[in-house]
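Visitor: I have a model open and I'd like to learn how to read it. Where do we begin?

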Amino acid sequence: MAMKIRLARGGSKKRPHYAIVASDSRMPRDGRFLEKLGTYNPLLAKDSEDRIKMDIERVQYWLSQGAQPTDRVARFLEAAGVTAKTERKNLKKGEPGKAAKERAEKRAAREAAANAPAEEAASE
């Protein structure tokens, strides 16, 4: 059974509240889970103690049983000092978007066209 430690959404529309749960990865996001490990309330201030609450002992137990945390839960565990901080690579972060690439190509074409008559005059 492939285990995940992930967030299960609760709360009403536009007012999310999440439970940190240990569940089988084949179950739906808000569906059946084996154990509730904590809560996460994104509406509270980032420095609030009540924003993230976890039962660290149970989280460590599930990690020892082979449960894989999702990206967001892994960040919570790193902040709590349960797991080592991992290096993340966002390969597309520094890459310009589609429109910016098109503008750069047009600018390069204009500059090449503007420089071409100047180079011909200089060579004569």
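Guide: Let's start with a term: contact means heavy atoms within 4.5 Å. Keep in mind that this is a predicted model. Now the case here: helix α2 (residues 71–80) lies across β1, β2, β3, β4 and β5, and α2 runs at about 100° to β1.

Visitor: Which residues of α2 are buried?

Guide: Buried means under 20% relative accessible area. In α2 that applies to Val73, Ala74, Phe76, Leu77 and Glu78. Their cover includes the strands β1, β2, β3, β4 and β5, along with helix α1.

Visitor: What is the order of the strands in the sheet?

Guide: Two strands pair if there are at least two bridges between them. Here five strands form an open sheet with mixed pairing, in the order β4-β3-β2-β1-β5. The edges are β4 (52–54) and β5 (68–69); each has a single partner strand, so one side of each has no neighbour in the sheet. Helix α1 (residues 56–64) packs on the sheet too, touching β1 (3–12), β2, β3, β4 and β5, and its direction makes about 125° with that of β3.

Visitor: In what sense do β2 and β3 pair?

Guide: Strand β2 (residues 15–24) and strand β3 (residues 35–40) are antiparallel, over five bridges. Look for Val21, which stands opposite Lys36 in β3.

Visitor: And how do I read phi?

Guide: Most residues other than glycine have a negative phi. Lys14 isn't a glycine, yet its phi is positive, about 65°. You'll find Lys14 in the loop between β1 and β2, exposed, with a relative accessible area of 68%.

How values were computed:
Residues are numbered from 1 along each chain as its sequence is written. This is a predicted model: local features need pLDDT of at least 70, side-chain atom pairs count only at pLDDT 80 or more; totals for chains, interfaces and linings use all residues. Side-chain values use heavy atoms; hydrogens and water are left out. Helices (H or I, at least four residues) and strands (E, at least two) are DSSP runs, numbered from the N terminus. Axes are lines fitted to C-alpha atoms, for helices over the stretch in contact, and angles run from 0 to 180 degrees between N-to-C directions. Buried means under 20% relative accessible area, exposed over 50%, partly exposed in between (1.4 Å probe, protein chains only).
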